[in-house]
Amino acid sequence: MRGSRFAVGLEVCCGTALRRLLISCFGWCCRVSGRQGLDAQAAKPLVSLSHQCFNPLFGLTATHQVSKTVLDWGLEKLEGNVPLHKAIIETITITNNNHYPVKYRFEPCFPREFQLNFIPEGGEIKARKAKVIKAKLTVHSKVNLNFKTTLNIEGVGTHFLTAKLRCETGVFGVDPTSLDMEDDEGVQIPIVLGELKRAFLKNGGIEQEGVFRLAGEQNEVKQVKQQLNTKNYENLPVDVNCTATLIKIWYRELPTPVLNSLPAETIFLCEGTDYCVQAFKTLPEPNKTLLNWLLDLLLMVACNRRVNKMTAQNLAIVVAPNLYDALTPDPIEALAMSQKAAQFVHNLLVWKVQMKEEEVGHAVDAELNPEEAAPKPLMKDAVSQTSNATPEAELVGASTAATARKKRHTSTRPEDGDAGGE
């Protein structure tokens, strides 16, 4: 366990220079245990990189154990009938296996929608003893939220607990198979997504600079979400940032994020586009259809990147956190897995762009200026020049090649801007 955390933390700290070494070591471990690549789905996970493969009784280290990594207070079973202003209790057990006492403390959490208290909030756990902590939740308004709460243990460090609140009823935060469906270009999707997409496209969403990166106005987003939860799809907002934000929220509040059905090591080993495509094809339904629908919408945005400044990489950075939740208690692992999820989505978007280019016969951003289509090679031609490089180097190489081509063909057009991610 410690070795896996060290490897992930080392990659975060040292960048991509050690990627090949880390991947080789991880692959060797998989081969030793009789697993490799996507075959890992059918076997017991090797490392504790996510909730799917984290043993909650193993905890932080061999000397400290925390009984759970996820707090949900059984709210999903209540189906939205959550009592307001009434405390709900869930217990956590912290075990100290050391021969000396240790101190612990929970970081306070006081948002407006609810109140979360840990009783006791801090204190000392005697040697080779356990302490039961009460997580007291009081909901003030019905919301759907996923958030991290922090436990600090002396001599060990920070431990994340994932808290899930499911208090709303309607079309957000529910099993997508329970929703009314409609046909959208040959696939069945929830009606709410179809309505949001139509409003997004009708109001010029694919041309809005920074779309999916810029958040909609908070009060408007809240009001429209409440409207949609009543299945009222009329008079949706013209602000495309609001509709884009609601699309992200819909995915973020799913009971299980679409990418969490993949083993953590599959996300961690997102080495190259082909690997990610094969992993994508193993997703169960409806996750695969939901992700494919979203990728197609993001492809429309990426095809207009010269106008909206949202490249495939920018889109992956801002959308991936809504598709994958790293439920590991270790902050370094959580950061690394979040970065891996963004790379995974990025590779899928690159694949979508390549398929689009093969279909139309020219680079997709040339559709804005058809006269530029002839001299511009396809994305796969640029990527092939760096086929022996790391995934990051391949993407940088493709971007550099595109920039060089623009400078050759015109000296008057300004350089494309790159919008940052949240």
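This report describes the nonpolar cores, cysteines, a helix and a sheet of a predicted model.

## Basis

The model is predicted: local features need pLDDT of at least 70, side-chain atom pairs count only at pLDDT 80 or more, and totals for chains, interfaces and linings use all residues. Residues are numbered from 1 along each chain as its sequence is written, and side-chain values use heavy atoms, with hydrogens and water left out.

## Nonpolar cores

A nonpolar core here is a set of buried Ala, Val, Leu, Ile, Met, Phe, Trp, Tyr and Cys residues joined through side-chain atoms within 4.5 Å. Buried means under 20% relative accessible area, exposed over 50%, and partly exposed in between (1.4 Å probe, protein chains only). The largest core has 70 residues, and Phe 212, Leu 228, Tyr 251 and Leu 259 touch the most other members. Among the elements that give two or more residues to this core are α3 (191–202), α8 (287–302) and α11 (331–360). Helices (H or I, at least four residues) and strands (E, at least two) are DSSP runs, numbered from the N terminus. Another core, of 27 residues, lies apart from it and includes Leu 71, Val 82, Leu 137 and Leu 161.

Leaving aside residues up to four places away in sequence, Leu 259 touches Ile 267, Leu 283, Leu 291, Leu 323, Tyr 324, Phe 344 and Val 345; contact means heavy atoms within 4.5 Å.

## Cysteines

The whole structure has zero disulfides, a disulfide being a pair of cysteine sulfur atoms within 2.5 Å. For Cys 270, the closest cysteine sulfur is that of Cys 276, at 5.0 Å, which is too far for a bond. Cys 270 is buried at 2% relative accessibility, and Cys 276 is buried at 0%.

## Helix α11

The 30 residues of α11 should span 44 Å at 1.5 Å a residue, and the end C-alpha atoms are 44 Å apart, in agreement. The expected span is 1.5 Å times one less than the number of residues. At the N-terminal end, Asp 330 caps α11, with a side-chain oxygen 2.8 Å from the backbone nitrogen of Ile 332. Just after the helix, Gly 361 takes a positive phi of about 85°.

## Five-stranded sheet

Five strands form an open sheet in the order β2-β9-β8-β4-β6, with mixed pairing. At the edges, β2 (70–71) and β6 (122–125) each have a single partner strand, so one side of each is left without a neighbour in the sheet. Strands pair if DSSP finds at least two bridges between them. Strand β4 (residues 102–106) runs antiparallel to β6 and is joined to it by four bridges. Val 102 stands opposite Ile 125 in β6.

Definitions and conventions:
Polar contact = N/O pair within 3.5 Å; in protein donor to acceptor, adjacent residues only side chain to side chain.
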